[in-house]
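These are my notebook entries on one protein chain. I record below what I looked up and what I found.

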Amino acid sequence: MKNVIILGASGNIAKHVIDILVKKDDINLTLFLRNKNRLRNNDVSKCRIVEGDVLNINQLKEAINGQDIVYANLSGDLEAMAKNIVKAMNETGVKKIIFISSIGIYDVPVKLVLKPYRKAADVIEASNLEYTILRPTWFINADEVDYETTRKGEPEKGSVISQKSLATLITKIIGSPENYIRENLGVNKPNS
Ligand SMILES: NC(=O)c1ccc[n+]([C@@H]2O[C@H](COP(=O)([O-])OP(=O)(O)OC[C@H]3O[C@@H](n4cnc5c(N)ncnc54)[C@H](OP(=O)(O)O)[C@@H]3O)[C@@H](O)[C@H]2O)c1
């Protein structure tokens, strides 16, 4: 069994990821979120639900302890959150993190709204963790799985990505984390 924790489990993309992961028999899923009433999934009966704040290092450490994979689906003060996550993972010996950032964080100059996403990515990259950072384009609600990735340093492509596509990629990484170690990937719908 693989122990997976989702930080920010009430988020849009997390909802799709949860729907995919609850159907898998080899995943023990922990949902970490500030308010469990904000969960929008129909079936979370097999999940462990932990109410907590990523900015509270003790709550975070306790929840991360014993996990194999941390998937961070957060918004807000992302730099402070990334620092706490790295600290909690270092102190509990958990290595694998998937962190959702954004397209445009390596643009010069970087847009003000994207600065927290860039800073968070810098914090994760500076760690010794086995990270996968994802930089998706803008979300659409289309019921489709159609995506491509670009590596760091390559020009980012496309303008949109379906939430379902991003969730599918995230669950693929959770399934084979060894294929995505210390990767920082742009994600977009081809020809969008
Ligand atoms: N929308 C787009 O087109 C787009 C494009 C590229 C990247 N992104 C980024 O991709 C990421 C994922 O997107 P999304 O739509 O799934 O995000 P989202 O729906 O805004 O989810 C973020 C989650 O973070 C949680 N959160 C915030 N502060 C927290 C804290 N201190 N402790 C615990 N949880 C906390 C929120 O929970 P609460 O319910 O407690 O508030 C929320 O559920 C976001 O950073 C988003 O900005 C979005």
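I worked from a predicted model, in which local features need pLDDT of at least 70 and side-chain atom pairs count only at pLDDT 80 or more, while totals for chains, interfaces and linings use all residues. Residues are numbered from 1 along each chain as its sequence is written, and side-chain values use heavy atoms, with hydrogens and water left out.

**Entry 1. Overall form**

I looked up the secondary structure and found five helices and ten strands in the protein chain. I took helices (H or I, at least four residues) and strands (E, at least two) as DSSP runs, numbered from the N terminus. The radius of gyration of the chain is 15 Å, close to the 16 Å that the globule rule gives for 192 residues, so the chain is as compact as a globular protein of that length. For this I used C-alpha atoms, and the rule is 2.2 Å times the number of residues to the power 0.38. Along the principal axes, the C-alpha atoms fill a box of roughly 40 × 35 × 30 Å.

I noted that 47% of the 192 residues count as buried. I then looked up contacts (heavy atoms within 4.5 Å). Among contacts between residues at least 6 apart in sequence, 68% join residues at least 24 apart.

**Entry 2. Charges**

I compared the mean positions of the 27 positive and 23 negative charges and found them 2 Å apart. Lys and Arg count as positive and Asp and Glu as negative, with His and the chain ends not counted. Each charge is placed at NZ of Lys, CZ of Arg, CG of Asp or CD of Glu.

I next searched the whole structure for salt bridges and recorded eleven. A salt bridge here is a side-chain nitrogen of Lys or Arg within 4 Å of a carboxyl oxygen of Asp or Glu.

**Entry 3. Salt bridges within helices**

I examined glutamate 79 and lysine 83, whose side chains form a salt bridge at 3.7 Å, N to O. The two lie four residues apart in helix H3 (residues 78-92), and about one helical turn separates them. Glutamate 79 is partly exposed at 26% relative accessibility, and lysine 83 is partly exposed at 47%.

Arginine 118 has a relative accessible area of 27% and is partly exposed; aspartate 122, at 31%, is partly exposed.

**Entry 4. A salt bridge from helix to loop, and a network**

I turned to glutamate 125 and lysine 152, which meet in a salt bridge of 2.9 Å, N to O. Glutamate 125 belongs to H4 and lysine 152 to the loop between strands E8 (148-151) and E9 (160-162), so this pair ties together parts that are 27 residues apart in sequence. Glutamate 125 counts as buried at 18%, whereas lysine 152 is partly exposed at 42%. I also recorded a network of salt bridges linking Lys61, Lys87 and Glu91.

**Entry 5. Threonine 30**

Is threonine 30 buried or exposed? I found it buried, with a relative accessible area of 4%. Threonine 30 sits in strand E2 (residues 27-33). Beyond neighbours within four places in sequence, threonine 30 is in contact with Val4, Ile5, Ile6, Arg48, Val50 and Gln67.

**Entry 6. The segment after E10**

I looked up proline 190, which follows strand E10 (183-188) and is partly exposed at 21%. Not counting residues up to four places away in sequence, proline 190 touches Asp146, Tyr147 and Glu148.

Asparagine 191 is in the segment after E10 and is exposed, at 81%. Phi of asparagine 191 is near 60°, a positive value in a residue other than glycine.

**Entry 7. Backbone features**

I noted a positive phi, about 50°, at arginine 182, which is not a glycine. Arginine 182 lies in the loop between helix H5 (163-175) and E10 and is partly exposed at 39%. Finally, I recorded a cis peptide bond between valine 108 and proline 109, with omega about -5°. Proline 109 is in the loop between strand E5 (96-100) and H4.

Technical notes:
Buried < 20%, exposed > 50% of the residue type's maximum accessible area, 1.4 Å probe, protein only.
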